[in-house]
Amino acid sequence: MTAHLSSFNKTPIPAQSTAGSAVAKPVWRTLGFAGVFRRGQGQSSRAALLNWSKPRQPLSLAGYGLWLCLLILTLPAYAEPQVVGHISFVKGSNAAQQPGAAPRILGKDTEIFQDDNIQTTERSFVIVEFIDGAKVTVRPNSNFSIDHYDSQSANKAAQLVLHQGGVNTSTGDIAKANPESFQIKTPTSTVKPTSEKAEYTVNICDKECAEKAKQAAGTRTEQSVAARVVDIKGEVSAINRAEKDAKERPLSLGAPLYNSDSIHSEKDSYALLVFPDGEKITLQADSDMDIKQYDYKVSGKKDRILLRLTTGGLRALTGSIGKNDHSAFALDTPVATIGIRGTGTDSYTDGSSLNHSTWQGTSFLQNEAGEFDVPEGSSSTTTGSDQIPRIYPTPQNAPQPPAPRPDTNKSDPKKVFESKPPSEGDTSVKSTRGNTAVENNNGGKTTVKEGETGSTNQDGQTTTFQSDEAPSGNTSSGNSGVFDNDPGNSLEGC
């Protein structure tokens with residue numbers, strides 16, 4: 001194991017001076033005991049003190065007591081460093097080092113101290129469990145320092161430094177008391193959570209990372225972001241039905257949505273969504289909609305959009321998927337399936353009946369009774385899944401839904417889904433639970449929302465872009481996959 005020690009010390013750690021001796025020395029001289037504490041040849045102050053055997057003059061009982069008190073007072077200067085956590089899992093060759101000291105090989109249950117610098121080698125990593133419940137996985141080929149960790153005082157704070165590589169982080173009691181007091185610094189930025197409980201990855205992009213990011217830019221998968229919120233009012237939330245342990249996510253402006261997301265709006269609320277193909281949908285108040293399937297520019301798959309309106313209202317404007325292939329778009333309801341032919345529509349269902357109108361192009365209804373066109377300027381009422389809809393001209397004074405029509409929003413899908421991958425030397429942050437604030441060295445700030453990734457470059461510029469994958473449901477457990485103790489976990493070789 002000692003053969004690996006030469007691979008550590010990637011970032012030299014300057015030795016720290018002992019703070020106690022500079023203060024205590026004048027006191028010893030004033031009391032006439034300078035000779036007792038004078039450092040001998042090749043000896044520490046403590047050694048010189050303990051090896052002192054013959055006083056120049058016999059000490060009185062009072063003098064001996066004073067000498068003993070001085071000895072006790074000097075002990076804090078030589079106290080062990082503060083324990084801030086321990087290693088809960090280790091794989092491969094890893095070490096920690098105090099300033100000016102030799103590296104310590106890390107094993108399971110090894111104590112971690114304030115001022116430790118932790119270094120991992122290729123295909124190696126450690127999980128540090130801090131005393132406040134926070135967890136940090138120091139990924140392969142990483143260099144990470146614990147500058148300050150205080151979870152006991154009234155002013156709880158953590159200041160961690162990532163010099164190289166990456167860390168996966170799950171916050172504990174320090175962030176619960178004050179999220180911004182838990183900080184990870186990198187050469188380009190300071191990263192801190194904005195919620196009491198957060199899970200995120202911080203990575204300093206190397207050459208290989210930059211090349212992979214460049215290759216992946218613009219590549220979509222089934223797990224890519226399916227839509228984003230570009231306008232919102234009130235309370236709207238989403239939950240991913242494909243994830244066993246998924247929790248409800250409150251939506252805000254810019255929030256991502258994914259395949260298998262169910263979206264719910266409260267009273268006097270709405271959310272206007274934009275999809276990468278240009279599809280725009282306004283979910284009205286007191287409504288529930290599912291993104292059943294959204295495939296767009298996914299390798300080996302046909303473009304397709306399938307939505308389901310369970311209850312409530314929805315206003316839709318067709319994007320390129322429906323315009324290029326009418327059969328590739330479908331809006332399911334409990335009463336009928338709505339199809340389009342380059343269309344803008346309004347639909348409302350209470351679960352047993354369906355009101356539907358077309359304000360642009362042509363749409364059609366399909367149920368057990370057959371297929372029925374609803375042309376532009378027409379409305380329909382269907383009272384059951386086996387009933388023929390009643391189709392009629394939309395009255396000029398017909399009341400309009402309070403939520404905005406989607407064609408009034410001018411958001412450009414290309415800009416909404418624009419992605420700028422990190423370059424070599426940039427700091428990238430991926431939030432898997434909660435939101436994370438990234439402040440660059442020039443004072444600029446950006447928020448990386450749950451499910452998103454952001455980066456800060458060496459010029460102080462910050463950007464956010466979509467994550468390649470939907471947020472995993474296990475992020476709600478507080479023990480997500482990035483802290484998995486399985487020796488074969490996905491961190492190997494990262």
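Trainee: Which residues touch the most other members of the largest nonpolar core?

Mentor: Please bear in mind that this is a predicted model. A nonpolar core is a set of buried nonpolar residues joined through their side-chain atoms. Here the largest one has 34 residues, and those touching the most other members are Leu257, Ile263, Leu273, Phe275 and Met289. Strand β22, residues 304-317, contributes the most to this core, namely five residues. A separate core of 31 residues lies apart from it and includes Ala96, Leu106, Ile146 and Ile174.

Trainee: Which residues does Leu273 touch, not counting those up to four places away in sequence?

Mentor: Leu273 touches Leu257, Ile263 and Met289, and also Ala227, Arg228, Val229, Glu279, Lys280 and Ile281.

Trainee: How many helices and strands does the protein chain have, and what share of its residues is buried?

Mentor: The protein chain has eight helices and 33 strands. Of its 494 residues, 47% count as buried. For contacts between residues at least 6 apart in sequence, 55% join residues at least 24 apart. The chain exposes about 23,900 Å², of which carbon and sulfur atoms supply 48%.

Trainee: How is a sheet read, and what is the strand order in the open sheet of nine strands?

Mentor: Strands of a sheet pair through backbone hydrogen bonds, in either a parallel or an antiparallel sense. In this open sheet the order is β3-β2-β5-β8-β9-β11-β12-β30-β31, and the pairing is mixed. The edges are β3 (104-105) and β31 (445-448); each has a single partner strand, so one side of each lacks a neighbour in the sheet. Strand β30, residues 436-440, runs antiparallel to β31 and is joined to it by four bridges. Thr436 has Val448 in β31 as its bridge partner.

Trainee: Why is strand β25 described as largely enclosed by the rest of the structure?

Mentor: Strand β25 covers residues 354-367, and ten of its 14 residues are buried, so the rest of the structure largely encloses it.

Trainee: Which strands pair with β25 in the antiparallel sense?

Mentor: With strand β24 (residues 337-349), β25 pairs over eleven bridges in the antiparallel sense, and Asp346 has Ser357 in β25 as its bridge partner. These two strands form a hairpin with four residues between them, and Gly351 in the turn has a positive phi of about 100°. With strand β26 (residues 370-375), β25 pairs antiparallel over six bridges; Leu365 stands opposite Phe372 in β26, and a hairpin joins β25 to β26 through two residues. Strand β27 (residues 378-382) runs antiparallel to β25 and is joined to it by five bridges, with His356 opposite Ser380 in β27.

Trainee: How many aromatic pairs are found in the whole structure, and how is such a pair read?

Mentor: One considers the distance between ring centres and the angle between planes: under 30 degrees counts as stacked, over 60 as edge-to-face. The search finds five aromatic pairs. Phe130 and Tyr149 are stacked, at 4.3 Å centre to centre and 10° between the planes. Phe130 belongs to strand β6 and Tyr149 to strand β8, 19 residues apart. Tyr149 and Phe182 are edge-to-face, at 6.5 Å and 90°. Phe182 lies in strand β11 and Tyr149 in β8, so this pair ties together parts 33 residues apart in sequence. Phe130, Tyr149 and Phe182 form one aromatic cluster.

Trainee: Where does the charged end of Arg405 sit?

Mentor: The charged end of Arg405 sits over the ring of Trp359, 3.8 Å from the ring centre.

Key. Residues are numbered from 1 along each chain as its sequence is written. This is a predicted model: local features need pLDDT of at least 70, side-chain atom pairs count only at pLDDT 80 or more; totals for chains, interfaces and linings use all residues. Side-chain values use heavy atoms; hydrogens and water are left out. A nonpolar core is a set of buried Ala, Val, Leu, Ile, Met, Phe, Trp, Tyr and Cys residues joined through side-chain atoms within 4.5 Å. Buried means under 20% relative accessible area, exposed over 50%, partly exposed in between (1.4 Å probe, protein chains only). Contact means heavy atoms within 4.5 Å. Accessible areas come from the Shrake-Rupley method with a 1.4 Å probe; for residues, only the protein chains shown count as cover. Two strands pair if DSSP finds at least two bridges between them. Rings of Phe, Tyr and Trp (its six-membered ring) pair if their centres lie within 6.5 Å; planes under 30 degrees apart count as stacked, over 60 as edge-to-face and the rest as tilted. A charge sits over a ring if NZ of Lys or CZ of Arg is within 6 Å of the ring centre and within 35 degrees of the ring normal.
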